[in-house]
Amino acid sequence: MSSPRYTTGWVYNLQTVPKSTNAGHVIALASSFSAIALLSIIIRIATRFKILKGIGTDDVAATLSMVLGLVYSALAIYQTRWGLGLHIEDFPAANPVPFSKIQYIGGPIYCLAVLGFKVSLVASYVRVAGFNRTYKIVLMVVMAMVIANQIIYTILLSFACRPIAKQWDPTIPGVCNDQLATYFGLGGSSLAFDFIIIIGLGALFALGFFITIVQGLRVRTISRLRVYTDSEPIIEWSIIEINIGVLIACVPSFVPMMRSASVRVQSIQRSCHSRNASTSKRQSKLITPGTSTSRYSKDFDSPKRSPKVLSPPPPVLGTLGEDRDEQDLWAKRRIRTDGAT
């Protein structure tokens with residue numbers, strides 16, 4: 001009997017078939033949400049170049065966020081090969097160190113990816129409503145605070161232990177910060193800035209409220225973290241947050257494309273209407289008054305006419321033999337007439 005997918009044939013150092021694994025779920029989620037973010041960026045950049053003839057700061061920030069999100073999703077998929085998705089009792093004893101190395105790389109990438117789509121949202125505010133000087137100053141202050149917050153936590157996650165290698169190998173002598181507190185601080189501050197961006201800056205980008213919900217659910221999973229290798233829920237919500245954030249940051253750029261498509265559809269409709277009207281006008285000129293416009297109604301409504309009697313065709317001259325027989329017949333009739341007289 002073959003083992004289930006993403007178990008003994010997939011996970012390194014896994015000798016026995018586990019009871020269950022969520023590796024397939026992680027792979028499917030990472031692949032699908034990354035594809036959504038990538039498609040959103042492609043549409044966004046194509047719209048900018050085709051309609052607006054250029055890109056701005058918000059486009060660059062959203063693109064960088066998407067790229068970092070793809071890297072984070074790829075790391076999550078690779079991490080399933082070292083046991084991500086397995087229960088703690090099935091986790092191979094030789095895998096915690098390589099598993100933790102990948103997780104260490106993913107932490108700063110997550111912070112910078114979240115920074116990218118938040119900067120994109122605030123930069124979109126500046127581009128749309130930056131004509132008001134006071135409002136623009138507020139937006140720039142909020143952007144600076146968001147950047148500072150994410151960079152601080154990127155540094156904290158990157159240098160949580162001294163030496164750094166202790167972060168993925170706890171057997172090395174040294175000291176580490178409380179990483180659980182760091183995760184809570186990062187999640188709480190990100191949640192606070194989400195509310196500031198949504199409530200304080202207006203309802204234009206109220207779609208960002210979904211990011212706030214995702215961020216809250218991610219913080220909730222942190223509180224349920226039992227051991228370092230039990231990080232599957234946090235990684236999944238991080239993937240969702242990054243890619244949905246990129247999608248939402250791209251939504252305002254879809255408006256010019258939709259407006260252009262609407263104008264094109266209306267132009268096609270007007271062209272079709274004009275063509276139909278021209279055709280009807282030409283047909284009306286060909287119809288004489290008092291006659292029906294329908295071929296079928298003409299056949300049924302017009303009075304029955306007597307059929308035209310065709311005259312018989314002219315006689316066709318016979319062949320040479322037939323002409324001689326007729327001459328002989330007339331000659332015999334003439335001889336009889338002469339004898340009678």
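Start by selecting D58 and R127, whose side chains meet in a salt bridge, 3.0 Å from N to O. (A salt bridge is a side-chain nitrogen of Lys or Arg within 4 Å of a carboxyl oxygen of Asp or Glu.) This pair links distant parts of the chain. D58 sits in helix α2 and R127 in helix α3, 69 residues apart. (Helices, H or I with at least four residues, and strands, E with at least two, are DSSP runs numbered from the N terminus.)

A word on what is on your screen. This is a predicted model, in which local features need pLDDT of at least 70 and side-chain atom pairs count only at pLDDT 80 or more, while totals for chains, interfaces and linings use all residues. Residues are numbered from 1 along each chain as its sequence is written, and side-chain values use heavy atoms, with hydrogens and water left out.

**Stop 1: the salt-bridge network**

Now select D59 and R44. This salt bridge has an N to O distance of 2.5 Å. D59 belongs to α2 and R44 to α1, and 15 residues separate them.

Which of these residues are buried, and which partly exposed? D59 counts as buried because its relative accessibility is 1%. R44 is buried too, at 1%. D58 is buried at 2%, and R48 is buried at 4%. R127 is partly exposed, because its relative accessibility is 43%. (Buried means under 20% relative accessible area, exposed over 50%, and partly exposed in between, with a 1.4 Å probe and protein chains only.)

Show R44, R48, D58, D59 and R127 together. Salt bridges with shared partners join these five into one network. The structure holds 5 salt bridges.

**Stop 2: a nonpolar patch**

Select F49, I55, V60 and L64. They make a nonpolar surface patch of about 380 Å². (Patches are made of residues with over 30% relative accessible area and no salt bridge; like charges are joined within 9 Å, and nonpolar side chains, meaning Val, Leu, Ile, Met, Phe, Trp and Tyr, within 5 Å. Accessible areas come from the Shrake-Rupley method with a 1.4 Å probe, and for residues only the protein chains shown count as cover.)

I55 counts as partly exposed because its relative accessibility is 45%.

**Stop 3: the largest pocket**

Select Q103, Y183, Y228, S231 and I234. Of the 22 residues that line the largest pocket, these lie nearest its centre. Helices α2, α3, α5 and α7 (232-250) each give two or more residues to that lining. The most come from α3, with 5 residues.

The pocket's volume is about 340 Å³. (On a 1 Å grid over the protein atoms alone, a pocket is an open set of points with protein on both sides within 12 Å along at least five of seven lines; a cavity is a set where a 1.4 Å probe fits but cannot get out; lining residues have an atom within 4 Å of a point. Grid points are joined across faces, edges and corners, and a volume is the space filled by probe spheres set on the points.)

By class, the pocket lining has 13 nonpolar, 7 polar and 2 charged residues. (Ala, Val, Leu, Ile, Met, Phe, Trp, Tyr, Cys and Pro count as nonpolar, Asp, Glu, Lys and Arg as charged, and the others, Gly among them, as polar.)

**Stop 4: a cavity**

The structure holds 2 cavities of 30 Å³ or more.

**Stop 5: backbone details**

Select R162 and P163. The peptide bond from R162 to P163 is cis, with omega near 0°. P163 is in the loop between β1 (161-162) and β2 (175-176).

Move to Y6, in the segment before α1. Its phi is positive, near 60°, in a residue other than glycine. Then select N13, which also lies before α1. N13 has a positive phi of about 65°, though it is not a glycine.

**Last stop: the whole chain**

Zoom out. The chain has 10 helices and 2 strands. Of its 341 residues, 37% are buried.
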